[in-house]
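Subject: Structure handover

Hello,

Here is the structure I said I would pass on. My notes on it follow below; please read them with the coordinates open.

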Amino acid sequence: MREDIAAFRQQARDWLGANVPAGRAPYDGAEGRAFALAWQKRQAEGGWAGIAWPREVGGRGLSVLEQIVWYEEYARAGAPSSLNALFVGLNHAGPTLIACGTPEQKAFHLPRILKGQSIWCQGFSEPGAGSDLAAIRTRGRVEGDHLVIDGQKTWSSFADVADWQELLVRTDPHARPAQAFTWVICPMDTPGITVRPIKTMAGPYKYCEVFYDAVRIPLSHVVGGLNRGWPTAMSTLAYERGTASLGLLIALTMQVDAMLGDCPRSRALMLARLAQLSAEGAAIQAMAYRVALDSEQAVPDASASLVRLAFAEFGKKVQAAAIDLYGVQSAKARGAHGLGHDYLDAFSETIAGGTAEIQRNIIGERVLGLPKGPR
Amino acid sequence: MNFSLTDDQSSVLSGLDQLLGQFDEPGVRHAVTHVYSAALAEALAQAGFLDVAREAGFGALDAALLVERVAREPHVVEAGASALIAPILPIDAGVRPIALLSGDLTGVARFLPVASLLVVDRGDHALLLPVDRDKVEPVETLLAYPYGKLAEVDPALGTRFEDVKAIRRRWRVALAAEAAGCMAAALAAVIEHVTARFAFGRPLGSLQAIHHRLAMASETAESTRWLALRAAWSDDPADAAVAAGFAQSRIAQFTYDLHQFSGAMGLTLEFPLHLWTYRLRALASELGGASQQARELAKTVWGEAA
C-alpha cells in the first residue's frame with residue numbers, strides 16, 4: 001500500500017469520525033432534500049467532495065484509487081446512504097457534463113453539484129420507453145434559440161425536489177436512435193412542467209412522473225450537441241453501469257459483514273448463506289474496482305454491465321437475507337430506511353438503469369460477441 | 001386423492017366466488033398497503049364459509065380450498081386459522097379472527113390487532129389466550145397483514161391444549177394454501193401485464209427470457225397449490241411440512257421474477273402485485289421459514305435423531 005494512500009485513508013477516517021450525522025437520514029420530500037444538500041455541503045467544506053473530479057471544476061483531481069478509499073471509509077463510518085437525492089447529480093449528470101458539457105455548462109453546474117447547492121433528477125424513461133429507451137416519444141422542437149418540449153417522463157427519482165433534470169427528448173422524429181435524440185439540461189422550475197410523485201410499495205415517495213407542456217428551454221442547455229443525445233446518454237448509462245454504484249456496493253459488502261457478526265452461531269444455514277454472500281460480494285467488488293480503475297483512461301466499456309448485473313442481483317440477495325436474519329417484525333426497525341423498505345426497494349435494482357435482461361443482452365452481444373437475438 | 005372437485009366442493013366454491021365478487025372494489029387494488037377487510041371477514045363468517053370444515057361431509061381439504069381461494073383477493077382476511085385450526089380446538093364456533101404465535105407469549109403475531117383468540121405454540125403444548133385488543137400494540141411491517149404484540153401476558157388466563165402437533169400441522173397447511181392463492185393471483189396479474197404491454201415493438205410476454213421464467217413461476221404456483229391440497233387431504237405432518245416448506249423456499253424467486261417483468265410499474269401501489277408480494281414475504285418467514293419445515297420433515301420421516 002502506498003504511504004500517501006494510507007495517509008489519505010487515515011484523514012478520511014478521522015474526518016468522517018468527527019462529522020458523520022447521527023441518527024437515520026430523512027429520505028424523501030423537502031426534509032430529505034434539505035438533509036442531502038446540507039450533508040453534501042459539509043463534505044465539500046471538509047474537502048471531501050469530487051475527489052476524482054478535475055480541479056478546474058472544483059474537484060480534488062485525485063485518482064480513482066483515492067475515490068475508492070473514500071467510499072470504503074464512508075461505508076465503514078456508517079455515513080448516510082449515497083443513494084439519495086444527490087445521486088443523479090454526482091453520478092450521472094456531473095460525469096456526463098465533465099465528458100460532454102460546454103465550458104459554460106461545466107463552470108455553472110459542476111461546482112453547484114459538489115457544494116450541495118443543486119439537486120438533479122433523470123428524465124430518460126417514459127411510460128412506453130423503459131428498457132426500450134429508443135422508443136422515447138417526448139418531443140423537442142427547435143423554435144428560434146429554444147427547444148420546446150412536450151411529453152411525459154416517468155420513474156424520475158426525486159423530481160419533486162430537484163432543481164435540474166438530465167432530459168432526453170426526441171428532436172428528429174424520423175432519424176435512427178443515434179441521431180434522433182437530444183440530451184438537455186431542464187430547469188425544473190420552467191413553466192409548463194408538472195411533477196406527480198408516485199407512491200411505491202417500498203414506502204417513501206421517490207419516483208415521480210413529469211409532464212411537459214410547451215416547456216421552453218434555451219438551446220444553450222443542450223449537452224453534447226443537437227440530435228447527439230443518444231451517445232451522450234449512453235455515456236451516462238455507462239457510468240451508472242460501471243462506477244456509480246461502487247460506493248453502494250462497498251456499503252452492501254459491509255452490511256454482509258455486519259450481518260455475519262449479528263447472526264447467532266446456532267443458525268448454521270444462515271451463516272452458510274451469509275458466507276456465500278460474502279464471497280459473492282468480494283468477487284463483485286474486485287470486478288468493480290477493475291472497471292473503476294480502468295475508467296480513468298476511458299468511459300467504461302460494455303464489461304461494466306457485468307458489474308451492474310452482479311451488483312443488482314447481489315443487492316436483492318443481501319436484503320432478502322437481512323429480513324430473514326432479523327425477522328419480519330423488525331421490518332421497520334433496522335436498515336438504512338427500515339428493513340422492509342430496503343428489502344422491497346431492492347426489487348428495483350434489476351429494473352432501474354436498464355433491466356437485468358438488458359444487461360445480459362449487452363454482455364452476450366458486446367462482451368462475449370454472440371450473435372444478436374431477436375428484440 | 002381425487003384431482004377433481006366434488007359436486008359439493010364446486011357448489012361451495014361457486015357460492016364463495018359470488019360472495020367475493022361483491023367485495024371486488026377497484027379502489028382497494030390501487031391505493032393502500034394495509035387492506036385488512038373486517039367487512040369481508042364478517043361476510044365470510046356469516047355465510048358459514050369459515051366453518052366449512054365443521055360441516056358433516058366436509059373437512060380440512062374443503063377448508064384449504066376456501067383459504068386458497070380467499071387468498072387470491074386483494075383484501076386481507078384471517079381465514080387459515082379459522083377454517084383449518086379452529087375446528088380442532090376446544091373452542092366454540094365463531095371465535096375469530098385467530099392469531100398464531102410460536103414461543104414467547106409477547107412475540108409479534110400476524111392478525112393479533114384484530115384477533116379474538118391467540119394460539120401460542122409453547123413447544124410441548126399450546127396455550128389458547130383470549131385477546132383484549134386494547135392491550136395489543138400494533139407493529140408496522142409494510143407487509144399488508146396487521147401485526148401486533150402484547151406487552152405482557154398472564155398465562156393463567158389461557159387454556160392449555162395438549163395436541164400442539166395438530167396445530168402445527170394445520171398451520172402449515174393453512175400457510176401453504178394461503179401462499180398458493182397469493183401466487184395464483186399475482187401470476188394472473190403479471191400475465192395480464194406482459195400480454196398487454198409492448199416493448200421493442202412486440203408484447204413483452206413474447207420475449208423468451210420472460211416466457212421461460214413465467215413458465216417456471218407457473219410451475220411454482222401449481223406445485224404449491226397441489227402440495228397444499230394434498231396435505232389438507234391427508235392431514236399428515238410430513239405432507240404439511242413438505243407443502244409449507246416448498247412454498248416458502250420458492251417465494252423469494254417467485255416474487256422477484258413477477259416484479260421483474262412488471263417493471264417499475266410493478267413497484268408502485270398503482271399496480272396490484274404488491275398486495276400479494278407483501279403477504280408472500282410475510283408467509284415466507286412464518287413458522288421459522290423453509291429450513292425449519294425441512295427439519296420438521298426430516299424429524300417426521302426419520303425421527304428425532306434426524
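B:Leu287 is buried, with 20 other C-beta atoms within 10 Å. A residue is called buried if 20 or more other C-beta atoms lie within 10 Å of its own, exposed if 12 or fewer, and partly exposed in between, with C-beta atoms placed from the backbone. B:Leu287 lies in the loop between helix 9 (273–285) and helix 10 (290–302) of chain B. Its phi is near 55°, a positive value in a residue other than glycine. Helices (H or I, at least four residues) and strands (E, at least two) are DSSP runs, numbered from the N terminus.

This is a predicted model, in which local features need pLDDT of at least 70 and side-chain atom pairs count only at pLDDT 80 or more, while totals for chains, interfaces and linings use all residues. Residues are numbered from 1 along each chain as its sequence is written, and chains are lettered from A and ligands numbered from 1 in the order in which they are written.

Two further backbone points. A:Phe158 also is not a glycine and has a positive phi, of about 60°. A:Phe158 sits in the loop between strand 3 (146–153) and strand 4 (164–170) of chain A and is buried, with 27 other C-beta atoms within 10 Å. In chain B, the peptide bond from B:Arg96 to B:Pro97 is cis, with omega near -5°. B:Pro97 belongs to the loop between helix 5 (80–85) and strand 1 (98–102) of chain B.

Two strands pair if DSSP finds at least two bridges between them. Strand 1 and strand 3 (residues 117–121) of chain B pair in the parallel sense over five bridges; B:Leu100 has B:Val119 of strand 3 as its bridge partner. Axes are lines fitted to C-alpha atoms, for helices over the stretch in contact, and angles run from 0 to 180 degrees between N-to-C directions.

In chain A, how do helix 8 and helix 10 pack, and at what angle? Helix 8 (residues 246–262) and helix 10 of chain A have their axes 11 Å apart, at an angle of about 25°. The two helices are therefore roughly parallel to each other (angles under 35 degrees count as roughly parallel, over 145 as roughly antiparallel, 65 to 115 as roughly perpendicular and the rest as oblique). The residues of this contact divide into ten nonpolar, two polar and one charged. Ala, Val, Leu, Ile, Met, Phe, Trp, Tyr, Cys and Pro count as nonpolar, Asp, Glu, Lys and Arg as charged, and the others, Gly among them, as polar.

The contact between the chains takes 30 residues from chain A and 25 residues from chain B, where residues are in contact if their C-beta atoms, placed from the backbone, lie within 7 Å. On the chain A side, strand 6 (193–199), helix 10 (304–326), helix 11 (339–345) and helix 12 (356–367) each supply at least two residues.

Regards

Methods: Contact = placed C-beta atoms within 7 Å.
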